[in-house]
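Colleague: I should like to learn how to read this structure feature by feature. Could you take each general idea and then its case here?

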Amino acid sequence: MADMVASPLLWMLSDRLISLIDNSSLVKNLHLTLAEIQTLVLDAENRSEDDAALRRWLTEVKDAAYEADDVLDEFINSLSSSKIHSLFSPFQWLLRFNCQRKMKEIEGRLDALLKRRIQFQKAVPLVNWDGFQSFESSASIKVPHRETRSFISESEIFGRKEDKQILLDLLLGDSDVEFKIIPIVGMGGLGKTTLAQLIFNDERIHYLFERRYWVCVSQNFDVRMIGKALVETKTEASRFLMNTEETVDSIVREELNGRRFFIVLDDVWNEDQEKWNVLQRWFSVGARGSAVLVTTRSANVAALMGTVDPYRLKLLSDDDVWLLFKNVAFSSKGEENINSRLVEIGKRLVARCKGLPLAIKTLAGLMRFKGEESEWLQIKDDDIWNLREFESSVLPALRLSYNHLPSHLKQCFAYCSIFPQGVTIGKEQLIQLWVAEGFIQSIEGSRSLEDIGNDYFMELFRRSFFVEIWRDEYGEIVKCQMHYLIHDLARFVASIGCSIMEGNTLQNVPEEVRHSSLVYDSYQLPTTLESLQKAKKLRTLLLFSNNLEKIPGLFLKLRSLRALDLSGSQIQKLSRSVGNLTHLRYLNLSCTRIETLPNSISKLQSLNTLELIECYNLQELPNSISELIKLRHLDIQSCCSLSHMPARIGKLRLLQKLPLFILSDIDGCGSISELSELDLRGKLEIKNLEFVDNPTDAENAKLLNKQNLRTLKLSWSHDAVASAEMSFQVLEKLMPPQELKVLHIIDYKGTSYPSWLINSLLQNVAEVSLVNCSCKKLPPFGQLPNLKYLYIKGMLKVEKIDNEFYGDGTIKAFPSLRQLELYDMPYLKEWWNLKSDEQSKEFTCLEYLTIKGCSNLSRLPELPNLKNLALWNCNEELLLSLDQLASLSTLVINEFRKPLSIPAGNLTSLRKMTIYDCDDLLAQLVDDMKPLSSLEHLRILYCDALKSLPTGLRYLTSLQKLEIAECRELVEVPDVMDKLSSLKELTIDGCPMLKSLPDSIRYLSRLEKLVIGRCPELIKQLHIEESDEWSKTAHIPRIEKEIEEYLTEEDSLSEPSY
């Protein structure tokens, strides 16, 4: 099946024609022809699934539209070029003549296609041409109505007990609310209906609700049909009267009035608020505590209907997957009669379903009737979509979601099929590729293409097309992954238009392929190049291989390319021929070995995105890059060899992503004032500010006007010699916008802070870092209401943290701060408490505190809610502050050299403690461990001189997990282990001098797991049956010996690099 979505492509072409400053009759005629054929295309897309002739017609329309797009590019480039060269030069005249000739040919082809279709056309309603809203009507695909029932056999369900309990708790809790609506959201085939059936038939639901109703809503949200389903127990006469909205409303309200009801609305697709309002009015007449459970594939539906956050149903675990498969596939056999070889093949088979219950049951049902190993092996090697059972059950269930997409989202989804299965897709990259291919068109004027693309992405996510997502620290989605079968669906609907070219299938590359990825090993490259010669219409080429050292010349002959991704390859040079790819809009050279870019890159007049992330060898950008006037994204993050910015980069007025700007004193390089007219978004780092010798230049950068900037990093070179006064004036003029979220100031040479920092003008900032700055005090960060994370390092002149740090008292100091880190401040001696009343205490939200290398700080302020504390290489007296940290639950003590006691204060909340490289401190812990009776997890690591663990361990009666690692001189564990009555897990690793375990270990009845690694003498004894060591541990269910290496997790945040 070919991708039968052409309307967005035609809309894009029409939009490009409208934007042309050309009133020729040719352009007008082409625009009119596109408008006429668009109406027919919308109708054809709805009808083409069962009509081969329509599919062929749509394919021809798309071919003509793609060619028209190429010619438009050439025409627009010729117009741009004529502004530089004489319009009447022979070359320019010939170029425009050829473009006009091609446009006339395409207009003729489209006109012929239009007339051919009109001959067979039936009545087609007019289409709204105001924008993409017109595409919504195209989603009305005819699909069979899906019916579900409330009955289910619970013995056939696996892996949903926890989900069921969570939802029951939500449904049955807080019975005083008027009514609650809980949506279950997930992709098709995930088991939402099954889970709703389990809950519907639960005894507690029977007991607590007076009425229960099961309504299969499906795609047609018919209010009257739903009403009839709710009153099916009424008399036939009453139901007969339900032929108008008024009578339906009256009878349903009478049915629900005053009763505590439970309703399941299964398989809901409706996003019409008005229809939903009718049902809400019905539900409002019931008794308090009534509940409605909704199943849907769409987060939009869940947001519309739910009174609580939707419950996102997850895929089944590997164990539950196998149980479900085995229950169906081997249902006719007893456990003892199951062929072990079939079990082995079955586990590999079922792994292909990736936890999707519908696919698992379909596959298991198929295998149930196949008893021969050869039959199972054949299925294992087949493409899953070639199985008739999948085509008839799984595919329609998933296809339903696709059919409900508007046309512009259908093409975006189908395009995702070019990413290999299992690959993590960057959201920003995907949106940039959509933009490059013209899939996203601005219809709202002021909104950027990237913002509209983000809407497209989120819509696909809300409709469950992206199952796995990854978010950044601010909750924004940055990466996603498609489920194996959703990816197969994308490949199915995209057909030959999108392709993954792999080393073993390259000979089958069709000429019609437009978008493709290339996956191969180095030895397969010759075959790859031979196959690509057929794919002359390629518009996208993504490379998934790190073996390419030189760009094949054939790549640079694919003249229709819009997107070329060579990231991760080993190429060292970009050929000048890249300038011939005049249609190119997206070029990704990230993580390659290139050192320079050719000047011919300036010929890529359509280029929107140039990705150069982590090109460590890149030394400079060509000055000609300033001629790429359509460039929107220039990503040079982590290009550590780059020494300066090219001159006139400020000419790139459309540039919105430039995360790094490097200043220099090299003649002819770009100055900071180049930033003046750039409306940059996201992140910006300005390096080498010592080269700004005029504050006016800094002011001309106009950072204050860049309202879409979210992260700003300002840095001077660490070893630079710069005037303190000039540094201050420059920083004063670099005031960020109010919308800024993250601020880093590195190696600032001034001795005082700018007014915008002193006056706390950055009210929205959530994260601040000060590193290696020359000031003697800290700014009044306490007055930043949204500050959540504060990192301070290398402030060598700061001797005390006083009241100025908390601010002037306009607001409660640090009302939102959750995490504070202080590093390498050896002269810091005092940290004051703010003198305030109990109602305005500071640090009320602070939960994480790390202090490292502050050797003179001897006391902490009051931190009432601190839960996690890490002390590294600090003054031992800091431990005395523990007695006032009543909420502390996790403590890390690292590199304390002098012996000192842990205070006998209130540490009843302490649950986890790590002692790292503190030999002398451990030697003192005898009676001092009494206050730690609530401790559940103790780790003792890298205490090289420690010979015996402290006998104070006997007081840790709540301890459940004890880890001892890399204590090279440890020879004894005291015989007090029987006091650790709660211990469940014991790990001893890298302690080669330890030869025996204490005898009392045999009395630890709750010990479930013992791990012994790199303790050769002890392990030797444990291997000898009936030896003393063997008998001590014989009662432990799980014993692991000789692990390779002990890997520790960090209890405190790892130190960031700046």
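Modeller: We begin with pLDDT, which is the predictor's confidence in each residue, from 0 to 100. A second term is contact, meaning heavy atoms within 4.5 Å. This is a predicted model, in which local features need pLDDT of at least 70 and side-chain atom pairs count only at pLDDT 80 or more, while totals for chains, interfaces and linings use all residues. Residues are numbered from 1 along each chain as its sequence is written, and side-chain values use heavy atoms, with hydrogens and water left out.

Colleague: What is the mean pLDDT of the protein chain, and where does pLDDT stay under 50?

Modeller: Where pLDDT is low, the predicted coordinates should not be read in detail. The chain has a mean pLDDT of 84, and 87% of its residues reach 70 or more. Values stay under 50 over residues 122-144, a stretch with 50 contacts beyond four places in sequence. Residues 84-88 also stay under 50, and the model has six such contacts for them.

Colleague: How is a sheet to be read, and in which order do the strands β6, β7 and β8 stand?

Modeller: Helices (H or I, at least four residues) and strands (E, at least two) are DSSP runs, numbered from the N terminus. Two strands pair if DSSP finds at least two bridges between them. Here three strands form an open antiparallel sheet in the order β6-β8-β7. Because β6 (425-426) and β7 (468-471) each have a single partner strand, they stand at the edges, and one side of each is left without a neighbour in the sheet. Four bridges join β7 to β8 (residues 477-481) in the antiparallel sense, and W470 stands opposite K479 in β8.

Colleague: Which strands run parallel to β18?

Modeller: Strand β17 (residues 682-687) is joined to β18 by five bridges and runs parallel to it; E685 stands opposite K713 in β18. The path from β17 to β18 passes through helix α23 (residues 695-700) in a right-handed β-α-β crossover. Right-handed means that, with the strands pointing away from the viewer, the path from the first strand over the helix to the second runs clockwise.

Colleague: Is H633 buried or exposed, and which side chain does its side chain meet in a polar contact?

Modeller: Buried means under 20% relative accessible area, exposed over 50%, and partly exposed in between (1.4 Å probe, protein chains only). H633, in strand β15 (residues 633-635), counts as buried because its relative accessibility is 4%. A polar contact is a pair of N or O atoms within 3.5 Å; within protein, one must be able to donate a hydrogen and the other to accept it, and residues adjacent in sequence count only if both atoms are side-chain atoms. The H633 side chain makes one with the side chain of E450, at 2.8 Å. By contrast, H1023 is exposed, with a relative accessible area of 51%.

Colleague: What is the phi of D267, and where does S464 lie?

Modeller: Most residues other than glycine have a negative phi. D267 has a positive phi near 60° and lies in strand β3 (residues 261-268). S464, in the loop between α20 and β7, has a positive phi of about 70°. D267 is buried at 6% relative accessibility, and S464 is buried at 7%.
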